[in-house]
Structure formats: C-alpha cells, structure tokens
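Visitor: I am new to this structure and would like a close look at a single part of it, the strands and the way they pair. Could you take me through them slowly?

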Amino acid sequence: MDIFGEDNTIEPVDLTDVRSFCSMSSTDQSEDHLLSILISSARAELEQWVPFWIAERSVILHGMAEPRIVLRGPIIAVSEVVLKTGKDSDEDGGWTDISEQCTLEGNVLTLPEGAEGPLQVEIVTGSYCPKPIQTAILMMVRNAYSDRGSDPMTEDVFAMISPFRRLNS
C-alpha cells in the first residue's frame with residue numbers, strides 16, 4: 001500500500017539530541033528549523049530501509065482491497081477503513097466506511113468477505129526505534145548539516161542499520 005499522507009509525527013530524536021551529538025551550542029536556536037527538517041528527512045529515508053515504523057504518527061494508506069492486508073508495524077490503532085464502491089454517488093464520493101466490519105490482529109488487517117476495489121486505510125502507527133537507528137538518524141543529520149549537498153547515507157550509517165534492514169523476497 002502507498003502512503004498518501006501523514007500527520008502529527010513524533011520524531012524519535014529531538015533538537016537537544018542533535019545539538020549534543022553535533023557538539024552545537026544548546027542555546028543557539030538559529031538553525032532549529034533546518035535541523036528539524038533534517039531529522040524528518042533522515043527518519044523518512046531510514047523507514048525506506050527497515051520493515052517497521054520508526055516514528056509514531058497518523059498515516060493514510062491507499063491500495064487495492066485484499067482479504068488480508070499485512071500492515072507495517074507496530075500499529076496502535078486503525079482509525080478508519082473506507083472502500084471505494086464505484087456505484088454510490090453520495091456526498092462522500094462513493095467511499096463506504098467498512099471499519100466496523102474489519103478486524104486487526106497484530107499488524108494484520110482482515111477485510112469483510114467480498115470487499116474489493118480501491119481502499120483507504122487510516123492508521124496510527126507505534127514507534128520502534130532501537131538505539132542504533134536513533135544513532136543512524138543523528139549521523140545522517142550531522143552529515144547533511146555539516147556537508148550540505150552530499151549524501152547523508154554513508155557506509156557508517158548503512159553499517160549501523162544493517163541488522164534491521166528489510167530483506168527483499
């Protein structure tokens with residue numbers, strides 16, 4: 001399923017962590033906006049490499065309905081599951097809420113029998129961010145901040161995340 005949007009992200013490292021890791025003054029806040037962007041970018045990049053969510057937030061996923069959908073974990077809650085019916089022309093544009101008919105066990109969402117077509121799932125993710133992943137985020141922020149224009153995914157970062165990397169099947 002594709003990520004359509006995300007809101008209310010709680011990043012696994014904060015500005016205090018970054019300033020300390022990068023030996024920056026704790027009182028100089030002139031670069032905070034840039035550092036916040038670099039934290040979010042580093043986390044988003046690492047989430048492409050690992051099979052779990054690193055930060056807690058609300059996410060809207062789009063895809064096609066299947067009987068069982070394995071969601072990337074950890075999952076705190078499924079807020080809404082809507083199915084595009086294609087035949088309704090109501091004020092919701094033909095989307096039908098099927099949340100009450102779905103079940104969530106662990107990170108497996110089971111849809112009701114006969115559900116098919118375009119699907120939108122709003123979930124609240126948990127966060128799983130072991131210390132090596134936090135350190136990799138800090139390394140990426142430092143790399144991007146100190147050497148702007150270079151790739152922050154260095155060999156050291158890859159080595160740090162290698163035990164957690166997603167394996168392609």
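**Strands and their partners**

Guide: Leu-83 has Thr-96, in strand 5, as its bridge partner. Before going further, please note that this is a predicted model, in which local features need pLDDT of at least 70 and side-chain atom pairs count only at pLDDT 80 or more, whereas totals for chains, interfaces and linings use all residues. Residues are numbered from 1 along each chain as its sequence is written, and side-chain values use heavy atoms, with hydrogens and water left out.

Strand 4 and strand 5 (residues 95–97) are antiparallel partners over 3 bridges; a strand here is a DSSP run of E with at least two residues, numbered from the N terminus, and two strands pair if DSSP finds at least two bridges between them. Strand 4, which covers residues 75–84, is also joined by 7 bridges to strand 8 (residues 118–125), and these two run antiparallel. Within strand 8, Thr-125 is the residue that stands opposite Ile-75.

Turning to another group, an open sheet is formed by 3 strands in the order 3-7-6, with antiparallel pairing. Strand 3 (68–70) and strand 6 (103–105) stand at its edges, and each has a single partner strand, so one side of each is left without a neighbour in the sheet. From one strand to the next the twist averages 20°, the angles being taken from 0 to 180 degrees between the N-to-C directions of lines fitted to C-alpha atoms. Strand 6 pairs with strand 7 (residues 108–110) in the antiparallel sense, over 3 bridges, and Leu-104 stands opposite Leu-109 in strand 7.

Terms used:
Helix = DSSP H or I, 4+ residues; strand = E, 2+ residues; numbered from the N terminus.
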